[in-house]
Amino acid sequence: QVQLVESGGGLVQAGDSLRLSCAASGRTFSRITMGWFRQAPGKEREFVAAIAGINWSESTYYADSVKGRFTISRDNALNTVYLQMNSLKPGDTARYYCSADLRIARPGFSRYDYAYWGPGTQVTVSS
């Protein structure tokens, strides 16, 4: 079992930055693939970024829509994963969810690859 809790969301203006955090508990965090997804009203939950565990060299992966603007990172000593979001756009407005895949495997990009989810944190970007 893994418990996940996100924080750091809020209301910002276009061009601003935010850093989301996700605190995890319950398992050997350093080996777990962690992902960030987002869901806007009326839309499907979509992949944003993922970071592999130490078995996969903590490789990072991004959706094309956020590549170059968002950075995912992890601090295994704190059992925390981060999503640094720069140059935010109104189109980034969504509820952001942290997720965990306990399989020791290359990160997946589908929501169905992740078995554990946090409650989410809202990010709203005004124009």
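**A ring cluster and a sheet**

Let's start with the rings: Phe37, Phe47, Tyr61, Phe109, Tyr114 and Trp117 are linked into a cluster by ring pairs. Rings of Phe, Tyr and Trp (its six-membered ring) pair if their centres lie within 6.5 Å; planes under 30 degrees apart count as stacked, over 60 as edge-to-face and the rest as tilted. This is a predicted model, where local features need pLDDT of at least 70, side-chain atom pairs count only at pLDDT 80 or more, and totals for chains, interfaces and linings use all residues. Residues are numbered from 1 along each chain as its sequence is written, and side-chain values use heavy atoms, with hydrogens and water left out.

The structure holds 6 aromatic pairs. Take Phe37 and Trp117: their ring centres are 5.1 Å apart and their planes at 65 degrees, so this pair is edge-to-face. Tyr114 also pairs edge-to-face with Trp117, at 6.4 Å centre to centre and 65 degrees between the planes.

How exposed are they? Phe37 has 0% relative accessibility, so it counts as buried (under 20% relative accessible area; exposed is over 50%, partly exposed in between, with a 1.4 Å probe and protein chains only). Tyr114, at 4%, is buried too, while Trp117, at 27%, is partly exposed.

Now for the sheet. It is open, with 4 strands in the order β1-β3-β8-β7 and antiparallel pairing; strands are DSSP runs (E, at least two residues), numbered from the N terminus, and two of them pair if DSSP finds at least two bridges between them. β1 (3-7) and β7 (70-75) each have a single partner strand, so one side of each lacks a neighbour in the sheet.
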